[in-house]
Amino acid sequence: MARTSLQVMRDTVFALMMRELKTRFGARKLGYFWALAEPAAQALILSTIFTLVGRNTLTGVPVAIFMLSGILPYKFFSKLLPQLTASVHANRSLFAYRQVAPIDPLITRLFIEFATHIVVYVLIMSAMAWIGYDVWPEDLLSLLLATLLLTLIGTGLGLMLCSAMSHWEDTPKVLQMVMTPMFFVSGIFFCATMVPQQYWYLLTWNPIFHVTELSRDAYFASYTTPVGSWAFLMATALVTNALGLMLYQVNRQRFISA
Amino acid sequence: MISFVGMSKFYPTKQGRSYVYKDVNMELPTDKSIGVLGPNGAGKSTLIRMMGGADMPSKGKIITDKNVSWPLGLQGGLQGVMTGRENVRFVARIHGYRKTHIIEQQVEEFAEIGRYFDEPVKTYSNGMRARVAFGLSMAFDFEFDLLLIDELNAVGDANFKLKSTALLKKKMDRTKVIMVNHSVGQLKTFCEAGLLVKDKSLIYFENLDDAVREYNDTYVTAKN
């Protein structure tokens with residue numbers, strides 16, 4: 001019963017996933033609840049603030065939906081990166097089994113985070129629809145493409161951060177320091193048309209800002225982004241993944257023996 | 001047959017590369033069980049780990065078409081934070097089993113560690129670890145062609161030693177072992193051939209006694 005390399009990888013990722021799910025959600029009883037409650041609460045707070053300052057709609061979109069369309073992808077991304085960064089290190093003792101390659105735990109966590117994101121997104125938007133909002137995206141395919149590109153960029157960065165982690169264990173702390181201000185420049189509670197044109201350059205370097213912009217463009221018929229660029233996102237995804245895989249290849253031995 | 005092709009292993013140290021193996025080229029026959037001999041720090045465990053795929057040669061390759069086990073020993077293999085049962089499940093899964101109940105049960109019965117089977121492995125004693133690790137490697141209903149054992153049965157109590165020896169002997173007509181053990185007596189129980197680690201290389205002896213003699217000539221200097 002010789003298995004192909006791909007089957008071995010599939011079995012390994014399955015085994016890792018069972019293990020990971022158990023420690024992630026099984027240990028604390030409210031594990032699944034927080035995955036939902038955290039972004040929902042954040043959206044609620046932000047939309048309450050904006051409603052209190054006297055705005056009911058932003059660019060013709062209800063405030064709550066506008067916020068959610070920015071918060072949910074950002075939450076996903078800011079959760080994905082630390083998870084991927086630590087993935088190899090957290091599972092290093094399992095590399096004693098030659099079936100387990102260093103990239104397997106990374107793939108496992110990618111699957112888990114992505115699936116959680118989709119479930120959370122659908123559930124929260126369904127809840128909003130139930131309350132009475134019109135939540136159906138105008139262009140679902142473009143929205144999915146933006147999500148996919150965001151995931152790909154996260155994967156590339158995650159691969160790089162794994163390598164960084166193998167050299168320097170404090171990597172997650174630095175990552176956290178960088179990710180905190182990212183919240184304010186990723187267009188979560190504003191969009192490009194609310195910012196004077198001469199300041200766009202402060203934001204357009206940031207791929208996450210492009211993801212938010214393009215997601216809203218796809219989501220809302222009334223919004224057309226003046227800056228979001230698919231080409232920039234695709235180039236970023238390509239470059240980060242190429243670099244990430246390169247670093248992975250170079251550091252393969254370190255992952256296993258460290 | 002296990003082929004070593006230009007295999008080198010070194011560790012970077014402050015004084016430069018410290019070679020454990022340097023450019024090893026050999027074909028290791030696997031029709032007999034092999035006892036690995038060498039002094040402390042010669043690279044016996046490293047060899048076992050590399051053959052089991054838990055470590056990689058710095059240069060060159062180790063190639064085989066045999067079904068080789070993971071390195072069974074006290075160092076690696078079992079995950080401290082997972083329970084014995086979870087470890088068994090994990091290993092069964094990465095070997096392609098989806099239904100792990102039978103294997104879990106077999107290991108539980110062999111290990112005889114009672115309710116500790118559902119406690120994290122880091123709470124185990126060395127002997128308990130050895131029981132689970134050994135039971136696990138024996139539980140698969142497909143058999144390994146080669147079992148890599150690194151000082152594993154050195155820690156068990158009398159009961160475990162008898163039990164594991166009996167079980168291993170029963171499997172010996174199909175499964176050969178490559179074993180590291182500092183007790184020559186233990187090696188002689190299981191192995192016919194010997195492999196000596198010498199001069200950052202490997203020497204194979206068809207007969208374990210020859211290997212032991214060579215080992216004594218080379219390394220045991222404190223003769224009375």
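Colleague: What makes G35(B) and C191(B) count as contacts of M179(B)?

Modeller: This is a predicted model, and a contact needs C-beta atoms within 7 Å. Setting aside neighbours within four places in sequence, M179(B) is in contact with G35(B), V36(B), I149(B), L187(B), F190(B) and C191(B).

Colleague: Which residues touch the most other members of the largest nonpolar core?

Modeller: V36(B) and M179(B) do, in a core of 116 residues. Helix 3 of chain A gives this core its largest share, 15 residues.

Colleague: Why are helix 3 of chain A and helix 4 of chain A called roughly antiparallel?

Modeller: Look at the angle. Helix 3 (residues 63-90) and helix 4 (residues 103-131) of chain A pack at about 165°, with axes 9 Å apart. Angles over 145 degrees count as roughly antiparallel, so that is the name for this pair. Helix 3 of chain A also passes helix 4 of chain A in a right-handed crossing.

Colleague: Which residues make that contact?

Modeller: On helix 3 of chain A they include L68(A), L72(A), F76(A) and L80(A). On helix 4 of chain A, L110(A), V120(A), Y121(A) and I124(A) are among them. By class, the contact has 15 nonpolar, three polar and three charged residues.

Colleague: How many residues does each chain bring to the contact between chains A and B?

Modeller: Chain B brings 16 residues and chain A brings 19 residues. On the chain B side, eight are nonpolar, six polar and two charged.

Note on methods
Residues numbered from 1 in each chain as written. Chains lettered and ligands numbered in written order. Predicted model: local features only at pLDDT ≥ 70, side-chain atom pairs only at ≥ 80, totals over all residues. Contact = placed C-beta atoms within 7 Å. Nonpolar A, V, L, I, M, F, W, Y, C, P; charged D, E, K, R; others polar. Axes fitted to C-alpha atoms, helices over the stretch in contact; angles between N-to-C directions. Helix = DSSP H or I, 4+ residues; strand = E, 2+ residues; numbered from the N terminus. Parallel < 35°, antiparallel > 145°, perpendicular 65-115°, else oblique. Left-handed = near helix turned anticlockwise from the far one by under 90°. Core = buried A, V, L, I, M, F, W, Y, C linked by C-beta atoms within 7 Å. Buried ≥ 20, exposed ≤ 12 C-beta atoms within 10 Å, placed from the backbone.
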